[in-house]
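Dear colleague,

Please find below the structure for your records.

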Amino acid sequence: MKVVVDMNKCQDHGQCVFAAPDVFRFDEAGRLAYVPDPDDALRDEVEEAADVCPLQAIRIED
Amino acid sequence: MSAPVVVAGASMAGLRAAEQLRAAGHTGPITLIGDEPHMPYNRPPLSKEVLAGKASFESLAFRPRAAVADVEWRLGTKVVSADLDRRRVRLDDGGTLSYAALVVATGMRPRRLRCPGPLAGRHTVRTLADARGLRAALTRPGVRVVVVGAGFIGCEVAATAVALGAAEVTVVDPLPLPMAGPLGELLGRALLRRHEARGVRFALGAGVTGFDGDGHVTGVVLDDGTVLPADVVVESVGSVANTEWLDGNGLDLTDGVLTDKHLRAGGRPDVVAVGDVARFPNARYDGVPRRVEHWSIPTDTAKHAARVLAAQLGGAEPEPAPFAPLPTFWSDQHDFRLQSFGAPALGLDDVRVIEGGPDGDLLAGYHRGGRLVGVVALGGTGAAAAAARHRAELLKTPALTA
């Protein structure tokens, strides 16, 4: 699975970090960091993360 | 062919319901019916980026999941009545549709002020068309703006209007502080100060009794006789549930659609309500049914309701845990953000400063029975991150009453 976050849209709400902590996190500088090619077993939580992003900045490309 | 699941309402809640029905294993037909001409789009930017001219419609549209590529969209169409005993809805194009199950997702519309005066020049913000119309009015030079209602939308619109260069922006509200209803005095005072420092004026403790003007509004009349000159009026005074089409079916439609703990309406296993039209008990708190207009609710309700409905349609007898979402909301105003987790409105009688102070980043805790039930941060992203650190504790909150 391929995950793309539009960092021009991201406003650091962090909802994706709650939904899929194995894929999304904040780095030491407080900016969003993520795993661009997570294991397919994480699909449910990545879809949840995409759903709850207030900016709808997360895209899942198969 | 078998009757479809009919989703009345094709906005965010309707889309999420369709997606979650597929995720829960429902493979049968789904039909979404929506009165707006657009595919579902994200509404929070309407009072901010869209008003400011920074967002196109393409940037607002949701990307439906591939699993709903086969659903039928009837846009620009409205459900006008329903016969729940016969499992049938009637549409404004004269057609009728039979359903296997019904998802109520018709949402809210803005409440309007009914006092006398002209209608022209008075705006609301709910749809893309609303926001485009308001933007056209706000971008005329030297415009004087009166916002009626100091809630979330009113405060966001006032901030955007100032940024657009409006000559005067005044917010009117009967309460003594902005957003005092949901957030209380401590945050209300901090918000008032920040808005005033950025050029927003306030007429608080004041009601509106009428509008001046001959054909087009020229002023807003307050209950003490003051007239605020106005070229543009924004009415942000709450909302009304779109439930008239459900009349005559014995449902409790007092304020939205009353549901049980699984979002089912009227004791019917084949009818669920999702999004801000649903008045549901939250098992995390006191069990009192409430409507919730947070952005997270369409997704949360759709997920739970779709599981319940898919099991019902599949002939299973599910006993999932009752619906118990953790409420969360945010609001961007000027250069600051409000970020909330939990239920601050349940803890308004015991509000404490957890971190910071009234002039910088501020984190407030809301308590009930001595226990933290909600946190609200005001400030930059650092404040929001501080609020998020309390989320795990709030998630552990058991029901306040058994």
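**Salt bridges**

A network of salt bridges links A:Glu47, A:Asp51, B:Arg16, B:Glu19 and B:Arg65. Please note that this is a predicted model. Over all chains, the structure holds 32 salt bridges.

B:Arg16 and B:Glu19 are both buried.

Two further pairs in chain B deserve a description. One of them is the salt bridge between B:Asp252 and B:Arg279, with 3.0 Å between the closest N and O atoms. B:Asp252 is located in the loop between strand E17 (239-241) and strand E18 (257-258) of chain B, whereas B:Arg279 is part of strand E20 (residues 278-280) of chain B; the pair therefore ties together parts that are 27 residues apart in sequence. As to accessibility, B:Asp252 counts as partly exposed because its relative accessibility is 32%. B:Arg279 has a relative accessibility of 13% and so counts as buried, the cut-off for buried being under 20%.

The other pair is B:Glu72 and B:Arg74, a salt bridge in which the closest N and O atoms are 3.2 Å apart. B:Glu72 has a relative accessible area of 35% and is therefore partly exposed. B:Arg74, with a relative accessible area of 25%, is likewise partly exposed.

**Strand E10 of chain B**

I turn now to strand E10 of chain B, which comprises residues 144-148 and is mostly covered, 4 of its 5 residues being buried. Which strands does E10(B) pair with? One partner is strand E11 of chain B (residues 168-173), which runs parallel to E10(B) and is joined to it by 5 bridges. In this pairing, B:Val147 stands opposite B:Val171 of E11(B). Another partner is strand E16 of chain B (residues 232-235), paired with E10(B) in the parallel sense over 4 bridges. Here B:Val145 has B:Val232 in E16(B) as its bridge partner.

E10(B) and E11(B) also belong to a right-handed β-α-β unit, to which helix H4 of chain B (residues 152-163) contributes the helix.

With kind regards

Key: Residues are numbered from 1 along each chain as its sequence is written. Chains are lettered from A and ligands numbered from 1 in the order in which they are written. This is a predicted model: local features need pLDDT of at least 70, side-chain atom pairs count only at pLDDT 80 or more; totals for chains, interfaces and linings use all residues. Side-chain values use heavy atoms; hydrogens and water are left out. A salt bridge is a side-chain nitrogen of Lys or Arg within 4 Å of a carboxyl oxygen of Asp or Glu. Buried means under 20% relative accessible area, exposed over 50%, partly exposed in between (1.4 Å probe, protein chains only). Helices (H or I, at least four residues) and strands (E, at least two) are DSSP runs, numbered from the N terminus. Two strands pair if DSSP finds at least two bridges between them. A crossover is right-handed if, with the strands pointing away from the viewer, the path from the first strand over the helix to the second runs clockwise.
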